[in-house]
Structure formats: C-alpha cells, structure tokens
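Subject: Structure handover

Hello,

Here is the structure you will be working with. My notes follow below it.

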Amino acid sequence: MDAPQPRRDAVDARERMEKDGAAMTDAATPQRARSTEATAANVDPRSYLKAEMRVVGEQGKALGKVQSLEHDTDGLVSALTVRHGLLKNKSTRVTIADVKQVNEDSVILKYSPAAFKRLAKANSA
C-alpha cells in the first residue's frame, strides 16, 4: 500500500504561504498587515479590519479588542487602538507594522502577551 499523497489544495495553500512570506521580506513591499486567505483572493486584508475585532498575540492568547482605527492620507489603515485589561479600561496604540496577520474575525499581533504588556506600559508613560 502506498503512502497517501497530500491533498493538492493543502500543497497550494502551503506554497501561497511561502510565497507571501517571501513577499513580506521584500524591501520594496511595505510592511502592511497581510492574510494568506486575503492575498489568495486578491483582497486587501486591511479591509477586514473593523472595531470590536478580537486581538490575539502571536501565540494565540487573547490580548483585547480593536477599539478604533487610524487612517493615513491615502485612506489606508496605519494604526489601531487595542482596548485591553481586566476591566477593558486600558487602551494601547499599535501600528500596522506590528500586525502579523488579519483574518475575518481577528487581528494577530507580533507580540507575546508579556511583550504587549510592556508596550502598553511604555505607551502610558
């Protein structure tokens, strides 16, 4: 019996992710939030960004919710404010360069929970 072959769509998705990763390291490509699903569909992932989206760290732990979005002169999202804390009484501004990925229901930041907490303290000082 032969070993099962990987499904073609799984291989295609992996190739797209590798290609997207290479594109993000290209010096000519601006550091903007990307999603493999959105890139595959030729949709700007920033179009998914909206208030009240879940914000998670790079390890998948919940950090808070998007409170508001800031736009640059071209109308593109340049930063977002994350509402966080035990009582959701703190807010921290995060630039779009700090966003690792955006999908339909969450924003994934390039921070661990501890790093995000340090960033929040630095912003409040």
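Which residue in β3 is the bridge partner of E70? The bridge partner is A79. This is a predicted model, in which local features need pLDDT of at least 70, side-chain atom pairs count only at pLDDT 80 or more, and totals for chains, interfaces and linings use all residues. Residues are numbered from 1 along each chain as its sequence is written, and side-chain values use heavy atoms, with hydrogens and water left out.

Strands (DSSP runs of E, at least two residues) and helices (runs of H or I, at least four) are numbered from the N terminus. Two strands pair if DSSP finds at least two bridges between them. β2 and strand β3 (residues 77-84) run antiparallel and are joined by six bridges. They form a hairpin with five residues between them, and G75 in that turn has a positive phi of about 85°. Strand β1 (residues 54-56) is also antiparallel to β2, with three bridges; V56 stands opposite A62 there.

E70 also takes part in a salt bridge with R93, at 3.0 Å from N to O. The term means a side-chain nitrogen of Lys or Arg within 4 Å of a carboxyl oxygen of Asp or Glu. E70 is in strand β2 (residues 62-71) and R93 in strand β4 (residues 90-95), so the pair ties together parts that are 23 residues apart in sequence. A search of the whole structure finds one salt bridge.

L119 lies in helix α3 (residues 113-124). L119 counts as buried because its relative accessibility is 19%; buried means under 20% relative accessible area, exposed over 50%, and partly exposed in between (1.4 Å probe, protein chains only).

Regards
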